[in-house]
Amino acid sequence: MSRALSGRAGSVGLVVATVLTTALTIWLSLALYDQHETEQRRQDILAAARQSALNFTSLDYRHYDRDSANVLEGATGDFKKQFAAQTEELTKLVAENESVSEGQVLEAGIVRSDEHSARVLVVADSKVTNTAAPKGEARTYRLQLDLVYRDGRWLTSDVEFVG
């Protein structure tokens, strides 16, 4: 009887070890998946913010319709409405001054984010030429962008110039 009892204890121990190993594997897999999802969301947010800032700082009077459309494509909410409402006036102003701005994003960092929204700080430079500065002048922008996740994309809902 002691051999039978010993065999059962060994079998029970093996079953317990298997169950614990399986549970641990599932838990680690879920944690790894969650970590991957979080990192992917972070990368998507930064990519959207960088593109939005680049679109916002790269404008050419010769192609302003296309450039303003690029800004609007990545925008939503009040920001989109405000930018769209100013497009006609901006088109005239940019054309009159023959403005060309070549933007470059230097840095971007997430201030906060969740599955549905994010705030990102972006530092961008641009070289601006126009009738007042035909040789061009350098400008540095510090932007705070608020983004929201809509229809599978991160869109800019607000842009503020900061410090």
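This is a predicted model: local features need pLDDT of at least 70, side-chain atom pairs count only at pLDDT 80 or more; totals for chains, interfaces and linings use all residues.
The chain contains three helices and five strands. Read from the N terminus, these elements follow one another in the order α-β-α-α-β-β-β-β. The radius of gyration of the chain is 27 Å, well over the 15 Å that the globule rule gives for 163 residues, so the chain is more spread out than a compact globule. Along the principal axes, the C-alpha trace extends over about 100 × 30 × 25 Å.

The accessible surface of the chain amounts to about 10,900 Å², and carbon and sulfur atoms contribute 54% of this area. Of the 163 residues, 29% count as buried. Among contacts with a separation of 6 or more, 53% are made by residues 24 or more positions apart.

Helix α1 covers residues 2-57 and includes Val16. The relative accessibility of Val16 is 42%; this residue therefore counts as partly exposed, the category that lies between under 20% for buried and over 50% for exposed. Together with Val12 and Leu20, Val16 forms a nonpolar patch on the surface. The accessible area of Val12, Val16 and Leu20 together is about 280 Å².

Thr87 belongs to helix α3, which comprises residues 77-96. Thr87 is classed as buried because its relative accessible area is 15%, and the limit for this class is under 20%. A polar atom of the Thr87 side chain lies 2.8 Å from the backbone oxygen of Phe83. When neighbours within four places in sequence are left aside, Thr87 is in contact with Tyr64, Ser68 and Leu72.

Leu155 is located in strand β5, formed by residues 153-161. With a relative accessibility of 10%, Leu155 likewise counts as buried. Residues up to four places away in sequence not being counted, Leu155 touches Glu73, Gly74, Ala75 and Thr76, and also Asp146, Leu147, Val148 and Arg150. Leu155 and Arg41 are separated by 114 residues in sequence, and their C-alpha atoms are 13 Å apart in space.

Technical notes:
Residues are numbered from 1 along each chain as its sequence is written. Side-chain values use heavy atoms; hydrogens and water are left out. Patches are made of residues with over 30% relative accessible area and no salt bridge: like charges are joined within 9 Å, nonpolar side chains (Val, Leu, Ile, Met, Phe, Trp, Tyr) within 5 Å. Accessible areas come from the Shrake-Rupley method with a 1.4 Å probe; for residues, only the protein chains shown count as cover. A salt bridge is a side-chain nitrogen of Lys or Arg within 4 Å of a carboxyl oxygen of Asp or Glu. Helices (H or I, at least four residues) and strands (E, at least two) are DSSP runs, numbered from the N terminus. Buried means under 20% relative accessible area, exposed over 50%, partly exposed in between (1.4 Å probe, protein chains only). A polar contact is a pair of N or O atoms within 3.5 Å; within protein, one must be able to donate a hydrogen and the other to accept it, and residues adjacent in sequence count only if both atoms are side-chain atoms. Contact means heavy atoms within 4.5 Å. The radius of gyration is taken over C-alpha atoms; the globule rule is 2.2 Å times the number of residues to the power 0.38.
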